[in-house]
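Colleague: I have not looked at this one before. Can you walk me through a few parts of it?
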Amino acid sequence: MSDMTPADPDGSAMPLLQALGLTKRYGAFVANDTIDLKIWPRQIHALLGENGAGKSTLVKTIYGLIQPSDGELRWQGERIVLSGPSQARGLGIGMVFQHFSLFDNLTVAENVALGLDGKESFKAMSARLAQVARDYGLPLDPKREVWQLSVGERQRIEIVRALMQNPKFLILDEPTAVLTPQEADQLFAVLERLKAEGRAILYISHKLEEVKRLCDTATILRGGKKIATCNPKLETAASLARMMVGAEVKEVKSAGARHVTVPRLVVNDLTLAPDEPHGVRLEHISFELKGGEILGIAGVAGNGQDELFAALSGERRLRDPGTVVIDGIGCGHLSITHRRKLGAAFVPEERLGHGTAPRMKLSENALLTGHAASDMVRHGFVNAPATLRTVDRATEAFDVRKAKRDPEAASLSGGNLQKFIVGREILRTPAVLVVNQPTWGVDAGAAAVIRQALLDLAEAGAAVLVTSQDLDELIEIADRIAVMFHGHLSASLPRAEASREKLGLLMGGSSLDQKEPAHAAGA
Amino acid sequence: MQLVLEKRAERSRTIALVSPLIAIGLTVVTMSILFVILGKNPLAALGAYFIAPLSDSYSLQEIAVKATPLVMIAIGLSLCYLANAWNIGAEGQFLIGAVAGSWIAVKTQGTGAGAWVLPAMLLAGAVAGALYALIPAICRVRFGASEILTSLMLVYVADLLLDYLVRGPWRDPAGFNFPTTAEFDPVATVPLLIEGGRLHLGSIIALAVVACAFVLLARTIKGFEIRVVGAAPRAARFGGFNADQLILLTFAISGALAGLAGIIEVAGPVGHLQPGISPGYGFTAIIVAFLGRLNPIGILIAGLFLALTFIGGEQAQITMKIPLDVTKVFQGILLFYVLACDSLILYRFKLIFASRQVHSGVG
């Protein structure tokens, strides 16, 4: 794919922002390798790449958070050196991060005020906030406290905060990752409008269909290098994926109808008050999951998925043993170690700090969950060779790429660490696997490996519960899909009936017309 | 031009090893300046501190004697600190251990009791230290009280209890009204390793404690639990480890070691119970624990080093009339630099040269 220069839609010969040979080195590792990039006004420019391709580094450099090792940035043709984000904001560069930086206990207006280099009064700022929100069709009540808001609303705060600085150039980092399909559509309308106003937008994503639909130009990064700049509308999703991954992406193959056996994970009327101030209360959750089955739980983040995971894993214990039944044994009151001994395995959403101890070696992280039911511990002493064997087996079975045999967990890329974590659990051949966001922030290649592993595990007779915000993923691998909203779990839809539209409605809190018995019982 | 701290991609292992040495170097430089201000020749003063004590057998033995309680206490503290439990009250646990063990010594005095007395004293010291340390630990786990404050405050309670006992019920009637118990019987005394020397059995016990801690941390699942709970609490919970139980356990172990160190000190070098049995061992051990990087072998080395400063401080007072308090200043500065240098493990200094200033107005 040769480099093409798209026609300048504005008629001006000069790009708004230009990167010339931008390079960022961390020791011997080159995160960005002589990257050239031109951002034009009135264009939505996609930045595509797998995890670890260097997208974040590039964007952080443009936003002044990272100093480049080499190369330069030009703003309207003039060379600039950014010493920090406030300077970038001063030029007219705005950014909406993937992870929100909001204070839960403050109001919308207070949060916005904290993010502005404000010289105006709080009252004037609040009024302007409401005005901007209204103008762009991003409804927000400045007086609400953030903890009461949905994830979509929280993202709106970040967007409005960025817009209030009237940026010429707006960077959005995977903005649709946390949205329902309907919310994403609303966001696209806003972005189209910003584009029409003459602003430039840099849109980071790995959802190819979305990029094809929305973006005028796409720059693809791989391994820190720019691979191509192209018009995504003229490409196919497959050709974009090929450029991103550098090889054909393996299709996940489902073996078709699996042999479904007996219920292995049963949840009976699980109601649980949150243990954190702004947590979600679980309300009468019931479901049954048989061996050989994959049940998907869809939903926007923050609707009780974390709380459900804690209750299923035993990180939070319940009073009534019968609430959670694993392979016929009531274990609601049992610890996570006990549940592992019964054959359950768990993969939490957060890889660093929850699924692994970041500053510990992989072998120690194998021990973290493996001590419960394996040969890793004998008479209280750690069998170090056994922990290393687990690392080696996971490395081989799941193609975990790492610099040395037993590095610190934090040194692995997201995709490789996730493969290790999933591998660590699957190698124990669990009867029940509960996994939260299995491919969150994971590159396409690793995601395919992980999804295939989940399918294979179900085929081998395990019951697999997958919670994900990625509807495509659930539709790809789950047999049935239920939706979580405000701590309630909807009845599950068979995959054939689970359209994106139906699921999107459920994710937004609307109920479908047909009421099913399980739903009625839960209400 | 700007000097910033930049986060390292990976933890630097070299710096992790070198940072205590940098800290010692910076401390020596700072102390030299202080000596000059005090009107002393800095080279001579540093010689008195660091070289003179290493030159004769008596001082070398004395260093080992001083290092014994420091190392034992610091090993216990390191377990607490690794598990994110902040026991600041080892000094109090040390004193309570000394009091509890002395109780047996005082009660058996002159009764002709057999060889069981010393083991019973050591056991009593360790148990009492552990129970005393469990008070702040239980308050933390049950009520969420800051263990930093409660453990520290209990130091003064222990200090005053000891004071009351040696001035009141346990005072030696033949002691000319000095606040002290009678000299312990030989069966209640820690045996010397060298006839006529200073080195005693406690140093062997301290070495054994170092070895046990090393095995515990490096080889056992319990040691792993302690490290995970401190390093990544949420991952530890996911692993099925109970942080509250570990707070209780590590406080109990560190209390026991401090208590044991206390009774060994009283039944060994001191020989009777009196106020002032500790020149702040429980606090200095905090420095030892951090200077030793919370690693048992490191703590052994750091303990010997800080013992050297105690002996050197005495020498400097005698030969150069430098006040003994300077030793405490020295130890404080050392802790400051140790903690400061630790940030270099995760961060590095970086100079940013802005080749062109860009006007930044609000858009």
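Modeller: First a term: helices (H or I, at least four residues) and strands (E, at least two) are DSSP runs, numbered from the N terminus. Axes are lines fitted to C-alpha atoms, for helices over the stretch in contact, and angles run from 0 to 180 degrees between N-to-C directions. This is a predicted model, where local features need pLDDT of at least 70, side-chain atom pairs count only at pLDDT 80 or more, and totals for chains, interfaces and linings use all residues. Residues are numbered from 1 along each chain as its sequence is written, with chains lettered from A and ligands numbered from 1 in the order in which they are written.

Colleague: At what angle do H4 and H5 of chain B pack?

Modeller: Helix H4 (residues 90-107) and helix H5 (residues 117-143) of chain B pack at about 145 degrees, and their axes are 7 Å apart.

Colleague: Which residues meet there?

Modeller: Gly97(B) and Trp103(B) are among those in H4(B), and they meet a set in H5(B) including Gly125(B) and Tyr132(B). Contact means C-beta atoms, placed from the backbone, within 7 Å.

Colleague: Switching to chain A, where is Glu293(A)?

Modeller: Glu293(A) sits in the loop between strand S12 (282-290) and strand S13 (294-298).

Colleague: Is Glu293(A) buried or exposed?

Modeller: Glu293(A) is buried, because 21 other C-beta atoms lie within 10 Å; the cut-offs are 20 or more for buried, 12 or fewer for exposed, and partly exposed in between, with C-beta atoms placed from the backbone.

Colleague: What is Glu293(A) in contact with?

Modeller: Beyond neighbours within four places in sequence, Glu293(A) contacts Val260(A), Ala458(A), Ala463(A) and Asp479(A). Asp479(A) is 186 residues from Glu293(A) in sequence, yet 6.5 Å away in space, C-alpha to C-alpha.

Key:
Contact = placed C-beta atoms within 7 Å.
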